[in-house]
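Please read the following notes alongside the model. They are set out as numbered points, moving from the chain as a whole to individual residues.

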Amino acid sequence: MTLTAVNLELRKTRRLRVVLVCAVMVAAVVALTCANLMSDSARAGFDDPGAQPWESLLMSYVMVTAMTSPLLVAVLASRQVDIEHQGQGWMLSQVAGLRPGRLCRAKATVLGALLAVAVPVQTALVVMAGLAAGITVPLSPGVWVQYAVGLLLVDLALLCLHVWLAARVENQLVGMGVGLLGAFCGVFSLLMPPALARVLPWGYYAVVSPLRMGDDGFAALTPGYGWLAVFLAVVAVLFAVAGHRFDRTEA
Amino acid sequence: MNDVITTHHLTKTYGPRTVVDDLELRVPQGCVYGFLGPNGSGKSTTMKMLLSLARPSRGEITLLGRPMNRETRPALLREIGSLVEAPPGYAHLTGRENMVIVQRMLGLSDRQVSRAVATVRLQEHMDKLVRAYSLGMKQRLGIAMALAREPRLLILDEPTNGLDPAGIEEIRGLLVSLAEDGVTVMVSSHLLDEIDRMASVLGILGRGRLVFQGTRAELFDRSTPDLLVDTPEPGRALALGVPAVRSERGLRLSGLGDDDTAALVRRLVGADVPVHGVRRVQQSLEEVFMDLTGREGLL
């Protein structure tokens with residue numbers, strides 16, 4: 001039944017333009033991240049390891065994704081869930097034996113798969129843009145992969161929260177408002193003390209950052225994988241419990 | 001005749017408020033069962049409980065001869081088509097794409113889907129987006145979704161809401177023909193006339209309680225026809241304190257039994273009020289309904 005539910009969700013994405021929304025957001029992230037590559041000051045350091053051109057690009061990527069990812073997951077969740085409110089889909093599914101919690105899990109799976117494609121593509125495009133712009137300093141791909149994986153995991157966790165929110169609150173402006181708030185929190189969490197960032201769901205964009213701004217430029221940072229694991233586990237439990245409770249909700 | 005739906009002490013409360021109270025429904029097989037009641041009388045809640053969309057606070061439900069519970073629910077729901085509240089349909093998809101979703105959800109064959117679409121005569125509009133459908137077309141699509149599984153029981157909550165007279169007539173004809181084919185149809189409405197023209201069995205709900213259940217003829221048997229007293233001097237009769245209203249040719253009295261009628265005539269004659277005639281007049285279905293539901297709903 002779960003596989004059927006996922007297949008049905010894929011069918012429902014038709015004309016919802018979630019792929020287009022994702023593609024536009026990826027393009028925007030790449031454009032915003034790489035905007036600085038065109039400046040003369042940046043280009044001057046492309047062959048100087050001391051100028052840290054890759055680190056600069058990655059830090060830029062971290063900031064832009066912390067700002068845009070909360071919005072992207074809010075938009076995707078809202079589009080995919082609102083159709084159930086508008087089309088009496090919850091009831092249609094329930095009388096077919098497909099409970100709302102399972103429907104939410106199917107939605108999260110489909111949108112999560114989309115993000116699982118979008119995030120690596122987006123990361124690869126940023127790296128390719130750096131290479132195309134002429135950065136000749138050797139690239140450390142490990143740190144980019146590490147960040148991309150962390151980013152994807154945080155996106156997936158927030159996606160689950162937004163799918164649940166969109167399902168429970170019919171007015172999708174609420175979810176979008178939370179996404180907007182998340183965008184601010186995401187960016188500012190990069191400037192927050194780590195203990196404070198870990199309290200906020202959007203603070204985990206900072207937790208997975210592999211770099212920090214130091215007095216002498218960018219310094220490597222070991223992402224808080226332990227905290228990330230706890231965060232993911234908490235979200236997974238909350239999503240499971242919320243889905244179970246949702247199944248028991250009366251129409 | 002077997003009952004397709006039976007409920008025993010079915011009750012639903014929300015906090016201190018009892019919405020459905022001790023319902024004993026009996027829906028016979030192969031009929032159109034008209035479920036009537038004013039707005040807020042508990043019709044939709046009852047239907048939701050029948051479909052497991054709401055949990056009864058008390059009581060039992062038996063559908064198609066099997067008790068409705070967690071174990072039997074999936075199998076039972078596969079045999080029940082339903083339309084509760086607004087008609088379902090994803091607006092961004094075409095009618096055909098919507099039907100495919102239902103088909104995959106229930107594992108139906110192409111033949112079943114085509115037949116359901118043909119039954120509601122929606123074939124020509126299947127490639128249009130549902131957002132471009134009229135309300136009538138949406139209702140028909142919703143009914144097609146309910147019919148696609150070839151249900152033995154169809155539960156429809158106000159399926160003609162918002163339809164124009166032609167649309168209402170079309171849905172009415174469709175439901176009657178389904179019943180003729182052996183499908184039991186339970187249809188709710190707060191519009192008496194609509195139900196009266198298609199239902200063979202009526203269930204009337206008032207303030208959450210079943211105030212009547214049976215055929216139209218049984219309903220009239222239970223009602224007391226009004227009494228018309230022909231008199232040229234109705235004012236004198238009213239001055240005697242007779243509980244009547246003026247009518248074209250005298251007075252009209254409701255709810256008077258045979259003994260009371262005899263006593264009334266004796267009283268009028270004794271007071272020298274000229275009585276030219278006394279006759280019974282059958283109440284309209286609407287009047288019977290209003291009496292039963294305590295005149296709480298406009299129809």
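1. Among the contacts in chain B between residues at least 6 apart in sequence, 70% join residues that are at least 24 apart, where a contact means that two C-beta atoms, placed from the backbone, lie within 7 Å. This is a predicted model, in which local features need pLDDT of at least 70 and side-chain atom pairs count only at pLDDT 80 or more, while totals for chains, interfaces and linings use all residues. Residues are numbered from 1 along each chain as its sequence is written, and chains are lettered from A and ligands numbered from 1 in the order in which they are written.

2. Chain B has eleven helices and 15 strands; these are DSSP runs numbered from the N terminus, with helices taken as H or I over at least four residues and strands as E over at least two. Taken along the principal axes, the C-alpha atoms of chain B fill a box of roughly 80 × 40 × 35 Å. Of the 299 residues in chain B, 41% are buried, a residue being buried if 20 or more other C-beta atoms lie within 10 Å of its own, exposed if 12 or fewer do, and partly exposed in between, again with C-beta atoms placed from the backbone.

3. In helix α4 of chain B, which spans residues 110-119, the buried residues are B:Val113, B:Ala116 and B:Val117. They lie on the same side of α4(B) because they cover an arc of only 100 degrees around the axis, the arc being that of the directions from the helix axis to the C-beta atoms. On the other side of α4(B), B:Arg111 and B:Ala118 are exposed. The cover over the buried residues of α4(B) includes α3 (95-106) and α5 (135-147) of chain B, and just after α4(B) the residue B:Arg121 takes a positive phi of about 55 degrees.

4. Two further backbone angles deserve a look. B:Ser52, although not a glycine, has a positive phi of about 65 degrees; B:Ser52 is found in the loop between α1 (43-50) and β5 (58-63) of chain B, and counts as buried because it has 24 C-beta neighbours inside 10 Å. B:Arg207, likewise a residue other than glycine, has a positive phi near 50 degrees and lies in the loop between β10 (201-206) and β11 (209-214) of chain B, where its 17 C-beta neighbours inside 10 Å make it count as partly exposed.

5. The contact between the chains takes 25 residues from chain B and 23 residues from chain A. On the side of chain B that touches chain A, α2 (73-77) and α3 of chain B each supply at least two residues, and α3(B) gives the most, with six residues.

6. Four strands of chain B form an open sheet in the order β13-β14-β12-β15, with antiparallel pairing, two strands being paired if DSSP finds at least two bridges between them. Since β13 (245-247) and β15 (277-281) of chain B stand at the edges with a single partner strand each, one side of each is left without a neighbour in the sheet.
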